[in-house]
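This briefing walks through a predicted model, topic by topic, for a reader who has the sequence and the coordinates at hand. Please keep the view below open while reading the points that follow.

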Amino acid sequence: MVESSTEIEKPLAVVLLSGGLDSMVCAALAQEQGFRVAALTIDYNQRHRIELDAARSIAERLDVTRHVVLPLDLRQFGGSALTDDVAVPKDGLGDDIPVTYVPARNLVFLSIALAWAEAAGSKDLFIGVNALDYSGYPDCRPEFVEGFQSLARIATKFGSEGGTVTVHAPLQHLKKSEIAREAARLGLDTGQSWSCYDPLPDGRACGVCDSCRLRRAGFEEAGLNDGTRYGGQ
């Protein structure tokens, strides 16, 4: 992308772009708020690799300033159904933190985003975490976002010199149906995003993992077309 002088005058924000619906909407909201977007996708050798293709497609569609896909093999650690030989649960949402939780994932990813932001002279990070319609992950809560923002000020040269690092979580208090409506308002093709934790061999979403259940329910409540092909369809 060749940036115009008008674009270069806009502040730069580093946005975590997983390829999922929430990160897609988050990146578009950052642009709507007047930021140039440096999109960061972490290839952590996750089970649902289709998500990486979705991230590339979204980055191209949004015409971001730069898109980096950074390899970080969390299968070396395991500890999650997304990074280990553990079955993805298909029996509905429970009250406990599910096995699809990847240990400290958002903490690790935000730390890497912060490193890029500091190197690029940016003081703004965007992450699409959500504390309402989510699977109970501890690193999606407002306390996590607030805590990381405080840590970022302490841990960076920019912060030690009196600068302010802001972690934007624009979807934090939205229901999945509201996120779906935001996608529609922004004119996004939600079919480009990917949410399923355990894709079927033919490329369709399984339709019954926690993430699929939350996504389907959100779009149904919003009365909008999902754009995802699920098993059985």
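Strand β2 is covered on both of its faces, with Arg36, Ala38, Leu40 and Ile42 buried on one side and Val37, Ala39, Thr41 and Asp43 buried on the other. Because eight of its eight residues are buried, β2 is largely enclosed by the rest of the structure. In a regular strand, side chains alternate between the two faces of the sheet. As the model is predicted, the points below describe computed features of that prediction.

**Strands and their pairing**

- The open sheet consists of five strands in the order β3-β2-β1-β4-β5, and the pairing is parallel.
- β3 (66-71) and β5 (166-168) stand at the edges with a single partner strand each, so one side of each is left without a neighbour in the sheet.
- From one strand to the next, the twist averages 25 degrees.
- β2 pairs with β3 in the parallel sense over six bridges, and within this pairing Leu40 stands opposite Val68 of β3.
- Between β2 and β3 the chain passes through α3, and this β-α-β crossover is right-handed.
- On the other pairing of β2, five bridges join strand β1 to β2 (residues 36-43), and the two run parallel; here Arg36 is the bridge partner of Leu12.
- The chain reaches β2 from β1 by way of helix α2 (residues 21-32), and this β-α-β crossover is also right-handed.

**Burial of β1**

- Strand β1 (residues 12-16) is mostly covered, five of its five residues being buried.
- Both faces of β1 contribute to this picture, with Leu12, Val14 and Leu16 buried on one side and Ala13 and Val15 buried on the other.

**Nonpolar cores**

- The largest nonpolar core has 40 residues, and those with the most contacts inside it are Val14, Leu40, Leu110 and Leu125.
- β1, β2, α4 (105-120) and α5 (142-155) are the elements that give two or more residues to this core, and the largest share, six residues, comes from α4.
- Leaving aside neighbours within four places in sequence, Leu40 is in contact with residues including Val14, Val15, Leu16, Val68, Leu70, Phe109, Ile112 and Trp116.
- Apart from this core lies another one, of 27 residues, among them Leu17, Ala55, Ala59 and Ala183.
- In soluble globular proteins, nonpolar side chains tend to be buried together.

**Helices**

- Helix α4 lies across β1, β2, β3, β4 and β5, and runs at about 140 degrees to β2.
- Helix α8 (residues 210-222) has 13 residues and reaches 18 Å from its first C-alpha to its last, which is close to the 18 Å expected at 1.5 Å a residue.
- The buried residues of α8 are Asp210, Ser211, Cys212, Leu214, Arg215, Gly218, Phe219 and Ala222, and these pack against α2 and α7 (176-185).
- Ala155 lies in helix α5 and is exposed, because its relative accessible area of 56% is over the 50% cut-off.
- In sequence Ala155 and Val102 are 53 residues apart, while in space they are 23 Å apart, C-alpha to C-alpha.

**Residues with a positive phi**

- Asn45, in the loop between β2 and α3 (50-62), has a phi near 60 degrees, a positive value in a residue other than glycine.
- The relative accessible area of Asn45 is 26%, and Asn45 is therefore partly exposed, since this class runs between the 20% and 50% cut-offs.
- Asp63, in the loop between α3 and β3, has a positive phi of about 55 degrees although it is not a glycine, and at 44% relative accessibility Asp63 counts as partly exposed.

Methods: Residues are numbered from 1 along each chain as its sequence is written. This is a predicted model: local features need pLDDT of at least 70, side-chain atom pairs count only at pLDDT 80 or more; totals for chains, interfaces and linings use all residues. Side-chain values use heavy atoms; hydrogens and water are left out. Buried means under 20% relative accessible area, exposed over 50%, partly exposed in between (1.4 Å probe, protein chains only). Helices (H or I, at least four residues) and strands (E, at least two) are DSSP runs, numbered from the N terminus. Two strands pair if DSSP finds at least two bridges between them. A crossover is right-handed if, with the strands pointing away from the viewer, the path from the first strand over the helix to the second runs clockwise. A nonpolar core is a set of buried Ala, Val, Leu, Ile, Met, Phe, Trp, Tyr and Cys residues joined through side-chain atoms within 4.5 Å. Contact means heavy atoms within 4.5 Å. Axes are lines fitted to C-alpha atoms, for helices over the stretch in contact, and angles run from 0 to 180 degrees between N-to-C directions. The expected span of a helix is 1.5 Å times one less than its number of residues.
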